[in-house]
Amino acid sequence: MKKIKEPIIIVIIIVIVVSSLLLISRIFIPKWINKNEGSITYIMRGLYSEKKNSMDVMFMGNSQIYSGVNPMELWNDYGVSSYVYASPGQRSSTTYYMLKEALEYQHPKVIVMNVENLFYKTTGAKTAARKVFDNMRWDKVKVEAIMDKSYQNTPGDVISYMFPLLWYHFRYKELKLEDFNLSLAKIHHPYKGYSLHSEINPKVKDLDYMEVTDDKAEFNPKGQEYLEKIIDICNKENIKIVLVQVPAGDFWNYPMHKTMSEYAKQKNLTFIDMNLMLDELKFDWNTDTYDKGTHLNIYGSDKVTSFLGEYLTKNYALVNHKFDKNYSDWNTQYKDYLKGREEDINRTNKGIIKSSSNSFYNFNERGKNIHEKHRRNKVQYREKK
């Protein structure tokens, strides 16, 4: 009898130890919720809280797209449901795996992908990848991603993805209440992936960055490889793909535009370079960026969103859901967004927001409020049944 009990006890102990490590690891994973990280924790985990197959458009790419396109204004103007599923410093390999993950929960009609990262010279820091994959659910996509040789993960790195405490153990001195509160919480992104910045910090140098030249830039070979994988997925899933470059005065240039345009033409793809449309957009580098041309603020994103909304609704069969009862929560969330936008502008005007590293004002609270409204609606629905 003792011989039988001993293995059972050992198994129970192992289960308890592993479960404890997994729980503690969730606490130690950083909660990337401040502005300079685009609230990546909210972007990644927020997608899981959205109604399945409710998004008609997904915006993907690096930080330029999550500060450059605003799903809340797209909703208000056109009734289009969309989500910005992007991350800072994102390489196209990460775009590829994020697309695969997104398609486990959504089946959009259109994918809009920002293309600047196709020209990055390096494979990217492991920190940028961890911001994505440490917030991704454990599934076949995550396993495939962390085993992908493009990320150059060592066996130790792979194990640390299983037990993130091994990677983030040094954080024991800097843990905050949010690390505990958000470790297992269900998270909603109140702005559907958009990073709201009301600060104005003009771009005053190198305004001729799109000067016409015969030079061409070169794709990062890995960037092109994963772009073609992304295109293949979209073709198989019958999803339209639109390649775009939002205004980006610090990194983008005409040689990149030329290479991208030729590639798109060769592949029969749509490519829209808004850096050559500044007049049409009524875009102004004096007012429409918060960090001297790298990213857009709310005034710049309003202009980009307005253009893309008109383009997408004219060229693709996108439905206006504004009066659809299944999307009624979007109207409520838009009102909440307007309050947050006004608060952010007021704080900026008062000089309270001085840099992009400040935490979102009331951002966590808005996410919690949205989650609580969803919970109450579900309870009321069950009671009616």
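Contact here means heavy atoms within 4.5 Å. The exercises below concern a predicted model.

**Exercise 1. The chain as a whole**

Task: State what share of the contacts between residues at least 6 apart in sequence join residues at least 24 apart, and describe the make-up of the chain.

Solution. 
- Step 1. Take the contacts in the chain between residues at least 6 apart in sequence; 84% of them join residues at least 24 apart.
- Step 2. Count the secondary structure: the chain has 16 helices and five strands.
- Step 3. Turn to burial: of the 385 residues in the chain, 54% are buried.

**Exercise 2. Strand β1 and its partners**

Task: Determine how many residues of β1 are buried, which way each points, and which strands pair with β1.

Solution. 
- Step 1. β1 spans residues 57-61, and five of its five residues are buried.
- Step 2. In a regular strand, side chains alternate between the two faces of the sheet.
- Step 3. In β1, Val57, Phe59 and Gly61 point one way, while Met58 and Met60 point the other way; all are buried.
- Step 4. Strand β2 (residues 82-86) pairs with β1 in the parallel sense over five bridges. Within β2, Tyr85 is the bridge partner of Met60.
- Step 5. Strand β3 (residues 110-114) also pairs with β1 in the parallel sense, over four bridges. Here Val57 has Val110 of β3 as its bridge partner.

**Exercise 3. The largest cavity**

Task: Give the number of cavities of 30 Å³ or more, then describe the volume of the largest cavity and the classes of its lining residues.

Solution. 
- Step 1. Rolling a probe the size of a water molecule over the atoms shows where empty space is left.
- Step 2. The count comes to four cavities of 30 Å³ or more.
- Step 3. The largest cavity holds about 140 Å³ of space. It is lined by 19 residues, and those closest to its centre are Gly124, Ala125, Lys126, Ala129 and Tyr151.
- Step 4. Two or more lining residues come from each of α6 (126-133) and α8 (155-162). The largest share, four residues, belongs to α6.
- Step 5. Sorted by class, the lining of the largest cavity has seven nonpolar, eight polar and four charged residues.

**Exercise 4. The second largest cavity**

Task: Describe the second largest cavity by its volume and by the classes of its lining residues.

Solution. 
- Step 1. The space in the second largest cavity is about 110 Å³. Of its 13 lining residues, Arg91, Ser93, Thr122, Thr123 and Lys222 are the closest to the centre.
- Step 2. At least two lining residues come from each of α5 (92-102) and α11 (221-236). α11 gives the largest share, three residues.
- Step 3. The lining of the second largest cavity divides into three nonpolar, eight polar and two charged residues.

**Exercise 5. Gly89**

Task: Locate Gly89, explain why Gly89 counts as partly exposed, and list its contacts beyond four places in sequence.

Solution. 
- Step 1. Gly89 sits in the loop between β2 and α5.
- Step 2. The partly exposed class runs between the buried limit, under 20%, and the exposed limit, over 50%. Gly89 has 30% relative accessibility and therefore counts as partly exposed.
- Step 3. Leaving out residues up to four places away in sequence, Gly89 touches Asn62, Tyr120 and Ala128.
- Step 4. Ala125 is 36 residues from Gly89 in sequence, and their C-alpha atoms are 8.3 Å apart. Ala125 is also among the residues closest to the centre of the largest cavity.

Terms used
Residues are numbered from 1 along each chain as its sequence is written. This is a predicted model: local features need pLDDT of at least 70, side-chain atom pairs count only at pLDDT 80 or more; totals for chains, interfaces and linings use all residues. Side-chain values use heavy atoms; hydrogens and water are left out. Buried means under 20% relative accessible area, exposed over 50%, partly exposed in between (1.4 Å probe, protein chains only). Two strands pair if DSSP finds at least two bridges between them. On a 1 Å grid over the protein atoms alone, a cavity is a set of points where a 1.4 Å probe fits but cannot get out, and a pocket is an open set with protein on both sides within 12 Å along at least five of seven lines; lining residues have an atom within 4 Å of a point. Grid points are joined across faces, edges and corners, and a volume is the space filled by probe spheres set on the points. Ala, Val, Leu, Ile, Met, Phe, Trp, Tyr, Cys and Pro count as nonpolar, Asp, Glu, Lys and Arg as charged, and the others, Gly among them, as polar.
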